[in-house]
Amino acid sequence: MIRSIMMSERIAFISVNQYKVPYPVYPLGISYLATCLRETGRYEVMVIDMNMTTHDDCIRRLREFDPAYIGLSLRNIDDVNFYNKENFIFGYKRLIDDIRSVLGSTILLGGAGFSLYPEVLFDFLRPDYAMSGEGEHTILALLDALREGRDPSGVSGLVYRRGNTAAVNERTKPCSHNDFPVRYESGLVPYYWKNSGMLNLQTKRGCPFRCIYCTYPLIEGNTVRTNNIDRVIESLEDLRGNHGVDYVFFTDSVFNIDRKYNIEFARRVISSGIGIRWGGYFAPTNLDDEEMSLLKESGLTHIEFGTESLSDTVLDAYRKGFSVDDVIRSSELCNKYGVNFAHFMILGGYGETEETLAETFENSKRIENTAFFPFVGMRIYPNTELHRIALDEGIVSETDQLLDPVYYVAKGINLDTIQDRAKATGRKWFFPDEDFSAAIGKMRAR
């Protein structure tokens, strides 16, 4: 549907995510989109967060605002929990259908969850247009084309209907964070500060690693783009000075993938005197005393390591790019500098055996002052290396859409004994069917 240039340039963004395990996550992607649209001076933007409202109230607010465009961000498709396997897309479908029934707005879709299944979700949810991957360049180009009455079908990263099928345009230009700052929604910040104890921010996009199960490269690409440090400092100062937020979690795919950048970042944060505390996702490798000392001084209080296994055989199978000895050294470095840390694990994935599980549990005894958060099995996502493996092994077929969660669990693994074996190590292991949220909350409170 091509809108007239004379129509209102109001746009409403809806964060449809209502999944709060282990804690509610601020819709950062929407804030980036809202910020870049507001900076053009051409759009009046409203943001609705389904964590903070009801279905009926959302519809009421949309009717009152009467936007020309409504963008829905899909962060999660399911709960990624082998023990539960809850799917969210039917709730998304109901919301979109109800919006259609009362408003004639052009409906847009995007978000990390959507970007994993662009064709399937486009056909099922039936928006007017959608964006696969990061959306700043795409939404600006799309809305400009619609305002001017031009055909938008050539826009990079756009998903649209071509005949009876969904067409997905290749993304030809990755976004640079030098292009877009982020301004937080003042109406949302208090909720997330109260209920999760942190706000989130990115210093980098893209992931250069090739882990067989990971979706980050599909969403953000393999090319790493670092944010202008001035922009990061501005955001931190805004959170600290205007919102009273003094804890930030950096949602980079892996924070420690650019040592030079991180050292400069730490020095700038220290010299700014912001007084912020922070944490992030790290790989348990490529850390040394100089970097850890500076990160600690800049406010680093906790690290979440994407460790996945404590068996070199399994780490190689997962293509993690580090060894058990790297994990041990990184853990010792955290203990040396008083940085709280946890290891997130995947037990029973590709290449796992009873012997490698025994190695993981035994090696966990070598790490002091930590907690382990294991997931059992690997969620299979389209277009990952794990998907190809699952196809080759007949676990899934070419016709499987994988919207309903399907997990790769290595043959010969006794799932019934995993939790008992973990607890027998004497270390702190918290499984998803236990009080996972409370355990992470306590860790972060420290």
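1. Burial first: a residue is called buried when its relative accessible area is under 20%, exposed when over 50%, and partly exposed in between, with a 1.4 Å probe and protein chains only. By that rule Val-189 is buried, because its relative accessible area is 1%.

2. Some housekeeping. This is a predicted model, in which local features need pLDDT of at least 70 and side-chain atom pairs count only at pLDDT 80 or more, while totals for chains, interfaces and linings use all residues. Residues are numbered from 1 along each chain as its sequence is written, and side-chain values use heavy atoms, with hydrogens and water left out.

3. Back to Val-189, which sits in helix α7 (residues 189-196); helices here are DSSP runs of H or I with at least four residues, strands are runs of E with at least two, and both are numbered from the N terminus. Leaving aside neighbours within four places in sequence, Val-189 is in contact (heavy atoms within 4.5 Å) with Tyr-26, Tyr-184, Leu-199, His-243 and Val-245. For a sense of scale, Val-189 and Glu-119 are 70 residues apart in sequence, and their C-alpha atoms are 33 Å apart in space.

4. Ser-31 is worth a look alongside. You'll find Ser-31 in helix α1 (residues 28-40), and Ser-31 counts as buried because its relative accessible area is 1%. With neighbours within four places in sequence set aside, the contacts of Ser-31 are Tyr-26, Val-182, Arg-183, Tyr-184 and Glu-185. So you can pick out Tyr-26 and Tyr-184 in the contact list of Ser-31 and again in that of Val-189, given that contact means heavy atoms within 4.5 Å. Ser-31 and Gly-426 are 395 residues apart along the chain, with 43 Å between their C-alpha atoms.

5. Now helix α14 (354-364). Leu-357 belongs to α14 and is buried, because its relative accessibility is 0%. Beyond its neighbours within four places in sequence, Leu-357 is in contact with Leu-347, Glu-352, Ile-413, Ile-418 and Arg-421. The C-alpha atoms of Leu-357 and Glu-148 are separated by 59 Å, at 209 residues apart along the chain.

6. Glu-355 is also found in α14, but Glu-355 counts as exposed, because its relative accessibility is 57%. The elements giving two or more residues to the negative patch are α12 (312-318) and α14.

7. On to the salt bridges, where a side-chain nitrogen of Lys or Arg is within 4 Å of a carboxyl oxygen of Asp or Glu. The whole structure has 33 salt bridges. One of them pairs Arg-100 with Asp-128, the closest N and O atoms being 3.2 Å apart. Arg-100 lies in helix α3 (residues 89-102) and Asp-128 in the loop between α5 (118-125) and β5 (129-131), so the pair ties together parts that are 28 residues apart in sequence. Arg-100 is partly exposed at 32% relative accessibility, while Asp-128 is buried at 17%.

8. Two more pairs. Glu-148 and Arg-150 meet in a salt bridge at 2.8 Å, N to O; Glu-148 is partly exposed at 44% relative accessibility, and Arg-150 is partly exposed at 39%. Arg-267 and Glu-290 pair at 3.6 Å, N to O. That pair links distant parts of the chain, with Arg-267 in helix α10 (residues 259-272) and Glu-290 in helix α11 (residues 289-298), 23 residues apart. Both residues also belong to a network of salt bridges with Arg-259, Asp-288 and Glu-291.

9. Last, the backbone. Most residues other than glycine have a negative phi. Arg-126, in the loop between α5 and β5, has a positive phi near 55° and is partly exposed at 44% relative accessibility. Asn-369, in the loop between α14 and β15 (371-376), has a positive phi near 60° and is exposed, with a relative accessible area of 55%.
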